[in-house]
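Here are some notes to read beside the model. Please keep the structure open while going through the points.

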Amino acid sequence: MPGEDGGRFPYTGTGDVNTYALFAELFSVLYGKGGQSGVMVPTGIATNDTTAPFFDHLVTSGKLVTLFSYSEIKAWFSGTKDNQSFSLVTLGNSRTAEFCFRIDSSEDTQDERRRFEFTADEIININPNTRTAPVFRSRADAELTARIYSQAAVLINEREGPEGNPWGI
């Protein structure tokens with residue numbers, strides 16, 4: 001539960017704390033009304049279990065504007081040896097969040113076939129249990145998945161207890 005022992009960082013200051021997550025949460029409260037902030041962090045900010053409550057907060061509060069995830073950090077910054085992917089995240093106020101994943105070249109960010117948007121409800125429909133970012137390589141894949149999940153219930157919704165398991169699995 002956010003805030004139990006996180007102090008100033010209710011979403012990222014609990015459990016196994018990562019410094020990058022603390023900075024991301026700090027940036028989420030720094031911008032003024034009508035403003036934006038940006039941060040470069042590992043893509044795990046949107047996909048890892050430990051940062052899922054923070055990502056859910058960004059999405060459901062309408063603070064996530066964009067998340068562009070780049071393949072390997074060492075491919076972009078030659079002085080590093082890390083294979084981890086990283087993201088450029090823009091925070092502000094938005095009804096939808098724009099995503100682009102597995103970016104290998106700067107041209108990928110301009111390719112409309114690679115970029116897609118989701119509302120908070122669409123993300124929750126696709127990943128109701130983790131509330132992490134659904135990762136897609138193309139707009140077509142993202143739109144198809146969103147349509148499927150808008151028509152069919154998730155197999156098991158852990159947040160709804162026994163009611164969330166209509167199949168008895």
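1. Leu 67 stands opposite Val 89 in strand E3. This is a predicted model, and the two strands concerned, E2 and E3 (residues 86-91), run antiparallel and are joined by six bridges. Strands of a sheet pair through backbone hydrogen bonds, either parallel or antiparallel.

2. E2 and E3 belong to an open sheet of five strands, in the order E1-E3-E2-E4-E5. The pairing in this sheet is mixed. At the edges are strand E1 (37-42) and strand E5 (116-119), each of which pairs on one side only. On average, neighbouring strands are turned by 20 degrees against each other, direction ignored.

3. Which strands does helix H1 lie across? Helix H1 (residues 19-30) lies across E1 and E3, and runs at about 165 degrees to E1.

4. The largest pocket has a volume of about 210 Å³. It is lined by 14 residues, and the closest to its centre are Asn 125, Pro 128, Val 154, Asn 157 and Glu 160. Sorted by type, the lining has seven nonpolar, three polar and four charged residues.

5. How far can the coordinates be trusted? The mean pLDDT of the protein chain is 91, with 96% of its residues at 70 or more. Confidence is highest in strand E2 (residues 64-70), at a mean of 97, and lowest in helix H4 (residues 73-76), at 77. Where pLDDT is low, the predicted coordinates should not be read in detail.

Notes
Residues are numbered from 1 along each chain as its sequence is written. This is a predicted model: local features need pLDDT of at least 70, side-chain atom pairs count only at pLDDT 80 or more; totals for chains, interfaces and linings use all residues. Side-chain values use heavy atoms; hydrogens and water are left out. On a 1 Å grid over the protein atoms alone, a cavity is a set of points where a 1.4 Å probe fits but cannot get out, and a pocket is an open set with protein on both sides within 12 Å along at least five of seven lines; lining residues have an atom within 4 Å of a point. Grid points are joined across faces, edges and corners, and a volume is the space filled by probe spheres set on the points. Ala, Val, Leu, Ile, Met, Phe, Trp, Tyr, Cys and Pro count as nonpolar, Asp, Glu, Lys and Arg as charged, and the others, Gly among them, as polar. pLDDT is the predictor's confidence in each residue, from 0 to 100. Helices (H or I, at least four residues) and strands (E, at least two) are DSSP runs, numbered from the N terminus. Two strands pair if DSSP finds at least two bridges between them. Axes are lines fitted to C-alpha atoms, for helices over the stretch in contact, and angles run from 0 to 180 degrees between N-to-C directions. Contact means heavy atoms within 4.5 Å.
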